[in-house]
Amino acid sequence: MERRHVCMFPAESSTSGTSELTLEQTDRITRNREKAIALKKRKVSKRAFIQKNAMREKALADQQKAELFDTEAGFILESSTADKTPNGKRAKVIIPTGPVMREEALICEECGKQFDDSFLYKHFGLAVCNGCKDDDKHALITKTEAKKEFILQDSHLDSKEPVLGFVLRRNPHNSRWGDMKLYLRLQVEARAMEVWKSNDKIEEEKELREENRQVLKQKKFHKKIKELRMHVRSSLYKKDTGLHQHEYGTESYSEATDEYSKTCQSCEYTLTYEKM
């Protein structure tokens, strides 16, 4: 269907007086046009303001979801729930430190070259560069193995000056258990020499402790055997739970007390009485 536009303005007349607008009409049309433009601008500005506020509120809500926690390192980190462990606890934040700048470079004890920092020096204070680190010579040992092999106590490793350095590693047997302390075997051997003075004394202490362990083991074994024998004997013995009946012997008379008495032949109970 054909649409036709109907013009709302008066048709042009042949006369010039009716085709021209008056000054008052022109001013009114101009004012109406300016009002319409201003109204449109206000609507556009209001829509943009609403959108901007919505975006700001969304960003604020996302920021509130994040948790702020102190790293105890001089600053605060912002993290979300993704930084938590499966059991809901906060994951430990480990921030590796950078190399320490010194006025004089360190000298490697193995190769004699200068170096700024290394794994052995950082954790154990041993002046050996990373290139000279040997897995056999610079082997690590757990705290449990160090105490068992060198007959040491916790105070020898953690309290006695100078305190031995260590590194923490997750327990390979169970991740839920506590982290393992790994010490440098060279330093543990040196600490054992400080405590026991010689390897012979360490071996003597090991033998003595093994003998005591065997003695305690034998005592425990004999105790269990004794308990087992008593249990077997008690199960074979039948105790008479009936009332005891006295079986008195011959009656005797005492002139000194003017009393009679007689004694049970089974339990040796003596019954004393008088006769009227």
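User: Happy to start with a lysine: is Lys 181 buried, partly exposed or exposed?

Analyst: Good place to begin. This is a predicted model, where local features need pLDDT of at least 70, side-chain atom pairs count only at pLDDT 80 or more, and totals for chains, interfaces and linings use all residues. Residues are numbered from 1 along each chain as its sequence is written, and side-chain values use heavy atoms, with hydrogens and water left out. Buried means under 20% relative accessible area, exposed over 50%, and partly exposed in between (1.4 Å probe, protein chains only). Lys 181 has 26% relative accessibility, so the residue counts as partly exposed.

User: Which residue meets the side chain of Lys 181 in a salt bridge?

Analyst: A salt bridge needs a side-chain nitrogen of Lys or Arg within 4 Å of a carboxyl oxygen of Asp or Glu. For Lys 181 the N to O distance is 3.9 Å, and the partner is Asp 158.

User: How many residues apart in sequence are the parts that this pair, Asp 158 and Lys 181, ties together?

Analyst: Helices (H or I, at least four residues) and strands (E, at least two) are DSSP runs, numbered from the N terminus. Asp 158 lies in helix H5 and Lys 181 in strand E7 (residues 180-184), so the parts tied together are 23 residues apart.

User: Over which ring does the charged end of Lys 181 sit?

Analyst: A charge sits over a ring if NZ of Lys or CZ of Arg is within 6 Å of the ring centre and within 35 degrees of the ring normal. The charged end of Lys 181 is 4.5 Å from the centre of the ring of Phe 166.

User: Is the pair of Phe 166 and Tyr 183 stacked, edge-to-face or tilted?

Analyst: Rings of Phe, Tyr and Trp (its six-membered ring) pair if their centres lie within 6.5 Å; planes under 30 degrees apart count as stacked, over 60 as edge-to-face and the rest as tilted. A search of the whole structure finds four aromatic pairs. In the pair of Phe 166 and Tyr 183, the centres are 5.9 Å apart and the planes are at 55°, so the pair is tilted.

User: Is Tyr 183 buried or exposed?

Analyst: Phe 166, in strand E6 (residues 166-169), pairs with Tyr 183 in strand E7. Phe 166 is partly exposed at 32%. With a relative accessible area of 0%, Tyr 183 is buried.
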